[in-house]
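Thank you all for coming.

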Amino acid sequence: MTERLYYTDAYAAHFHATVVDRADGSRRVYLDRTAFYPTSGGQPHDLGRLDGVPVLDVVDEGERIAHVLAEPLAAGQVSGELDWPRRFDHMQQHTGQHLLSAVLADLFGFETISVHFGPASSTLDLEAQAIEPAQLTAAEARANAVVWEQRPVEVTFEEAASARGLRKPSDRAGVIRIISIRDLDRSACGGTHVRNTAEIGPVLIRGVERVRKNVRLEFVCGGRALRRARADRELLATLAAQGSAAPDDLPAILESQRAELKAAAAARREADESLARYRARELYEATTPDADGLRRAVVRDTPGLESVRPLALAFTSLPRTVLVAAVAAPPAVLIATSADSGVDAGARLKAAVATTGGRGGGSPRLAQGSVADAEALGGVVTALTAPSPGGRHVEA
């Protein structure tokens, strides 16, 4: 059994121990005691060194903890050293999570379902349909107020059956480890934590999103919060400099640019539609009706089906018309028909591509599909544009 030093002293960054077992060519080492925290409960494992050999992973195997090393380690006495900045960062994030979970439950009744501690930010999944911006602001303010109060964070070991006041009931039996934030929270937890809330540092809620039927809240604490705030400030300064404005003026500038882009997009659509109507009229006048009275046009080598759609709709707004468009890469085809053409675009396309192993479909007025290669594309276009005797289609 491995004695877990971090259970009673999360600040033990250096320790001495004895190698009791080895595996995988002495690269997987077991000690009689360790300060290295294994990946567990959403918290990542510690890094560091054993007798100068880098520790790459720490694995909880129940009664024992395995240290996965970069090189073989000899038996005997060893000296362990944690990557302290990484450990303390994890302590800040984990204790900050306890604080946020307690505040959210206390203020709004939002219970924490699951937790994930990532390398850049951490998340809480909450049992809630939605969280209003004002609630996020209130939770963040309350959490930081508790930080400033420097409340003790205490570790106790209690019988699960008699432990009272836990924020979330424990499903474990026997003695459990409890982390308490004085007068706020009691939670069963095996992770590493700071000694008082002041050491959590600033708590910053970064965002929120819906995940299935719940809400996921992203947050950072301590040094991460400071670095993130600095990065945000530098980003704002860069954007402001590009606009020759002060950061506080950015919302008004962005709103003005959004309005300009919207107006430009509307003007572009109007111009495209006008051009499409002009080209459609040219195509219409260049065709002659076939024996069925239909005018057919083919557009080849268009850069994409979306780019030809306005022309197709404009052409088939004219009487008794059919337009077929082909894209070479990847091979695709579109067919549009006027309401009085008597041609069901969806059915016609589906039948044409089926003979080549392609696929597609659409409405009676507009349909599109894809085929395997250029040869198949040529056959589909021919099938879709075959006129009745006496007719002539135009290629644009």
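Predicted model: local features only at pLDDT ≥ 70, side-chain atom pairs only at ≥ 80, totals over all residues.

By class, how many nonpolar, polar and charged residues does the lining of the largest pocket have? There are 14 nonpolar, eleven polar and seven charged residues, where Ala, Val, Leu, Ile, Met, Phe, Trp, Tyr, Cys and Pro count as nonpolar, Asp, Glu, Lys and Arg as charged, and the others, Gly among them, as polar.

Residues are numbered from 1 along each chain as its sequence is written, and side-chain values use heavy atoms, with hydrogens and water left out.

A pocket here is an open set of points on a 1 Å grid over the protein atoms alone, where a 1.4 Å probe fits, with protein on both sides within 12 Å along at least five of seven lines, and lining residues have an atom within 4 Å of a point. The largest pocket holds about 970 Å³ of space, and of the 32 residues that line it, Gly41, Arg172, Ala188, Cys189 and Gly190 are the closest to its centre. Strand β9 (111–117) is among the elements that supply at least two residues of this lining, and with five residues β9 gives the most; strands are DSSP runs of E with at least two residues, and helices are runs of H or I with at least four.

The second largest pocket has about 170 Å³ of space, and its lining includes Asp272, Arg279 and Pro310. Seven of its lining residues are nonpolar, two are polar and two are charged.

Terms used
Points joined across faces, edges and corners; volume = space filled by probe spheres on them.
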